[in-house]
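Student: I have this model open and want to go through it. Take my questions in whatever order they come.

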Amino acid sequence: MNPIRFGMVGGGWRTQFYLRIAQALPQRFHVEGVVVRDAAKGGQFEATWGVPTYRTLDELLRASTLRFIVVSVPRTQVAELLFALAERAMPTLVETPPAPDLATLTAEHELTQRGASIQVAEQYHLQPHHAARLAFVRSGKLGTVTQATISVAHDYHGISLLRKFLAISYENVSISARRFVSPLIAGPDHDGPPTREHLGPSRRVIASFDFGEKLGVYDFTDEQYFSWIRTPHVLVRGERGEIHDMQVRYLQDFQTPVILELVRQDTGQDGNLEGYYHRGILAGGEWLYRNPWIPARLSDDEIAIASCLDKMEQYVAGGASFYSLAEASQDHYLSLLLAQALETSEVVRSTQQVWARS
């Protein structure tokens, strides 16, 4: 199997995830080049990663044979690149969010109406734990899911998971939200572990997404991605059972409850000599999730991004959309409404947008 050849625009922190994946799985992925506009930064980038850089998009396109481009730049720069890539008929996988505001989301929608091939790299539902939970939900053992509480990801990422667990597409919703500030000992951040003890403010947002017969609860604290003492949690409820973090409870029949643990299987522990990688997640004797990237040593987030890249290749080859610009626009639109609800302390109601009507 030939590796999937793709290019990238943007040389920031998020781009490094794609480069680590390509290094770990060279037989599956190959980064042809990265657009880094500053020549000095480009030189540093090449020395660090061993990947050629280019100053402009057209330089990259002329020098390479690409299946698609990954756009990983600040949200205010995305639209310009999406229009440029659409003009060049280059399929695009864009990092989240795809635009800073509703007006730009609406303008970008016209690109897909004109045939542009665009998907969005929303990866959380492809992370092993969430993929396993979603597989159990789709098995029907919980019945119809009507409630979900998500405390694992911020803004549009958390909203995306709420929609996935509740099987919501573009239905309108009423959003109410509050912010709470409390003290917290600072933990790790992008730069690594703390170097001293520091007490600072911790901001928590709790919001309800009322879809009528279904309820989503968004609960996120800024530090959760890195904190050692603020753990993520998930609660998904249907009329026949629930998932609470890594435990499942459901009714085999109305007199027979079943309790299962979602058990993570990782190799390389307790004397295991298979190497160190994630194998998958079991519930009882059933595999709910199998890692497709064995034996690469990837974090859960990198596993999910690798799956985005693979699905993008399938999409470019004529396969199904896996996370469309319309879906991403809906999630970011709802995150903008969440911010509005926080600002005004009032209930905010969504309206159907142009991508939903299409």
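Student: Start with Arg5. How exposed is Arg5?

Tutor: Arg5 is partly exposed, with a relative accessible area of 35%. Buried means under 20%, exposed over 50%, and partly exposed in between, with a 1.4 Å probe and protein chains only.

Student: And what should I know about the numbers?

Tutor: This is a predicted model, in which local features need pLDDT of at least 70 and side-chain atom pairs count only at pLDDT 80 or more, while totals for chains, interfaces and linings use all residues. Residues are numbered from 1 along each chain as its sequence is written, and side-chain values use heavy atoms, without hydrogens and water.

Student: Which residue forms a salt bridge with Arg5?

Tutor: Glu32, with the closest N and O atoms 2.7 Å apart. Arg5 belongs to strand 1 and Glu32 to strand 2 (residues 29-35), 27 residues apart. Glu32 is buried at a relative accessible area of 16%. A salt bridge here is a side-chain nitrogen of Lys or Arg within 4 Å of a carboxyl oxygen of Asp or Glu. Helices (H or I, at least four residues) and strands (E, at least two) are DSSP runs numbered from the N terminus.

Student: How many salt bridges does a search of the whole structure find?

Tutor: 16 salt bridges. Another one is between Asp310 and Arg28, at 3.4 Å from N to O. Asp310 is in helix 8 and Arg28 is in the loop between helix 1 and strand 2, so this pair ties together parts that are 282 residues apart in sequence. Asp310 is buried, at 17%.

Student: What about Asp266 and Arg264?

Tutor: Their side chains also meet in a salt bridge, 2.8 Å from N to O. Asp266 is partly exposed at 25%, and Arg264 counts as partly exposed at 29%.

Student: How is a pocket defined?

Tutor: On a 1 Å grid over the protein atoms alone, a pocket is an open set of points with protein on both sides within 12 Å along at least five of seven lines; in a cavity a 1.4 Å probe fits but cannot get out, and lining residues have an atom within 4 Å of a point. Points are joined across faces, edges and corners, and volume is the space filled by probe spheres set on them.

Student: And the second largest pocket, how much space lies there?

Tutor: About 280 Å³. It has 18 lining residues, and His154, Asp155, Arg179, Tyr218 and Leu342 are the closest to its centre. Helix 9 gives the largest share of the lining, six residues.

Student: How many cavities of 30 Å³ or more are found?

Tutor: One. The largest cavity holds about 30 Å³. Its lining is Thr96, Pro97, Pro98, Glu122, Tyr156, Tyr323, Ala328, Asp331 and His332, and helix 9 (residues 325-344) supplies the largest share, three residues.

Student: Back to Thr96 and Pro97. Is their peptide bond cis or trans?

Tutor: Cis, with omega near -15°. Pro97 is in the loop between strand 5 (92-94) and helix 5 (102-113). Ile294 and Pro295 are also joined by a cis peptide bond, with omega about 10°. Pro295 sits in the loop between strand 16 (286-290) and helix 8.
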